[in-house]
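Entries below are in the order I worked through them.

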Amino acid sequence: MAFEFTTTGRIMAGAGRAAELPEVLAGLGSRVLVCTGADPVRHSGLLAGLGSPAAVFPVAGEPTVELARAGTAAAREHGADVVVAIGGGSVIDLGKAVAMLLGNGGDPLDYLEVIGAGQKITRPSVPLLAVPTTAGTGAEVTANAVLASPAHGVKASLRSPLMIPRVALVDPGLTVSCPPPVTAASGLDALTQCLEPFVSVRANPLTDGLAREGLRRAAAGLRAAYADGRDLGARSDMAMCSLLGGMALANAKLGAVHGLAGVIGGTADVPHGVACAALLTPVIEANVKALRSGPPGQPALDRYTEAARLLTGQPAATIEDGLAWIRETVTQLAVPGLAAFGVRPEQADEIAAKAAKSSSMQGNPIALSDSDLRAIVLRAL
């Protein structure tokens with residue numbers, strides 16, 4: 001089997017490692033732009049340790065094309081030569097977009113897939129240090145940044161190995177303060193980002209190992225972290241699940257869950273992890289049905305069976321047992337359906353048509369028709 005594998009230059013993971021932020025930053029640059037959440041005070045301790053004056057750019061909500069422009073303008077005004085992103089996937093994606101634009105120039109639409117010119121990114125981003133405070137997207141080790149474009153009603157990616165953060169500083173202690181709804185949504189996203197690469201048509205031996213361990217970690221930590229956010233062992237499991245999923249998806253693609261979630265997130269104000277949670281069971285059911293209807297010996301069916309055994313801890317578990325575990329988890333974590341966020345049945349056709357063009361679909365284990373995708377959306381409401 002021939003394949004390529006790309007990862008970040010340096011990963012620092014473990015409880016307490018956030019204290020090393022000033023030391024790591026000292027070797028990357030001197031003029032710092034910090035991208036963080038809507039309430040920078042939450043990370044005042046980390047910000048205070050940065051030493052030299054830093055410009056702070058708050059990111060309220062999921063990143064957009066316009067927010068990337070504004071963040072880049074703020075970085076240029078400050079003369080930033082290094083970007084630090086402290087926050088969830090939205091913050092880190094915004095930081096990746098800003099760092100790339102500082103290094104390459106131009107506008108986000110010059111480089112965005114699908115809705116932009118898709119221009120190739122040829123120059124390295126300025127150094128970026130990613131410090132995740134949720135366990136979900138794995139954005140600290142991925143080669144893309146997702147931006148919403150309200151004008152186009154869709155989310156699209158900036159994508160290049162040159163966008164992978166220079167350093168990923170993963171401290172599960174930073175996720176302890178995540179409220180239960182964020183823990184649930186981000187954790188189910190992390191689980192999905194281990195499962196989809198595992199059944200992907202682009203899976204390879206390296207991503208298989210990452211995905212398997214990520215699924216084990218999700219089984220051990222997801223429900224426990226939701227039940228008791230102070231459980232550092234569970235938080236560590238989920239931080240590792242997120243990290244492993246990020247590396248797996250960066251090298252083996254995703255699938256229909258993310259293909260649909262990206263479109264839905266551009267259509268309605270649905271948190272990404274919630275969209276993934278709502279779509280996960282319907283997508284697995286549609287994939288399994290299509291695979292079983294095809295020629296015998298479909299390898300993805302064996303992968304789904306193995307995933308069920310990893311999640312349930314039962315060596316004889318079936319795909320149906322795995323589906324039951326996922327449904328039960330989504331219920332325990334009180335994740336609402338898409339209708340709670342205003343997604344309507346009459347939007348299903350448009351969502352399906354747009355999702356079919358998504359780059360995430362390239363990894364799905366079998367081609368799904370527009371009719372299949374429409375049915376998935378309706379089931380996720």
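**Ground rules.** I am working with a predicted model, where local features need pLDDT of at least 70, side-chain atom pairs count only at pLDDT 80 or more, and totals for chains, interfaces and linings use all residues. Residues are numbered from 1 along each chain as its sequence is written, and side-chain values use heavy atoms, with hydrogens and water left out.

**Entry 1, strand β5.** How many residues of β5 are buried? I get 5 of the 5, so the rest of the structure largely encloses this strand. Buried here is under 20% relative accessible area, exposed is over 50%, and partly exposed is in between, using a 1.4 Å probe and protein chains only. I checked the side-chain directions too: L128, A130 and P132 point one way from β5, while L129 and V131 point the other way.

Next I looked at the neighbours of β5, taking two strands as paired if DSSP finds at least two bridges between them. Strand β4 (residues 82-87) runs parallel to β5 over 5 bridges, and I86 has V131 as its bridge partner in β5. β5 also pairs with strand β8 (residues 167-170), again in the parallel sense, over 2 bridges. There A130 is bridged to A168 of β8.

I find 5 of the 6 residues of β6 buried, so β6 is largely enclosed by the rest of the structure. β6 pairs with β7 in the antiparallel sense over 6 bridges, and A145 stands opposite L158 of β7. The hairpin has 4 residues between the strands, and G153 takes a positive phi near 65° in it.

While there I clicked on K155, which sits in strand β7 (residues 154-159). Is K155 buried or exposed? K155 is buried, because its relative accessible area is 14%. I listed its contacts (heavy atoms within 4.5 Å), not counting residues up to four places away in sequence: K155 touches E62, V146, L147, A148, G262, G265, G266 and H272.

The buried residues of α3 are V65, L67, A68, G71, T72, A75 and H78. They cover an arc of only 160° around the axis, so they lie on the same side of α3; the arc is that of the directions from the helix axis to the C-beta atoms. I noted what covers them, including β2 (32-37), β3 (54-59), α4 (89-104), α5 (108-111) and β6 (144-149). Just after α3, G79 has a positive phi of about 70°.

α4 has 16 residues and reaches 22 Å from its first C-alpha to its last, close to the 22 Å expected. I count α4 as mostly covered, with 14 of its 16 residues buried.

For α13, the buried residues are A348, I351, A352 and A355. They cover an arc of only 100° around the axis, which puts them on the same side of α13. α9 and α14 (370-380) are among the elements that cover them.

K253 has phi near 70° and is found in the loop between α8 (232-252) and α9 (256-267). K253 is buried, at 18% relative accessible area. A334 has a positive phi of about 55° and lies in the loop between α12 (319-332) and α13 (348-355). I have A334 down as exposed, at 55% relative accessibility.

**Entry 6, rings.** How many aromatic pairs does the count give? I get 0, where rings of Phe, Tyr and Trp (its six-membered ring) pair if their centres lie within 6.5 Å. I did find R303 over the face of F198, at 4.7 Å from the ring centre. A charge sits over a ring if NZ of Lys or CZ of Arg is within 6 Å of the ring centre and within 35 degrees of the ring normal.

Methods:
Rings of Phe, Tyr and Trp (its six-membered ring) pair if their centres lie within 6.5 Å; planes under 30 degrees apart count as stacked, over 60 as edge-to-face and the rest as tilted. The expected span of a helix is 1.5 Å times one less than its number of residues.
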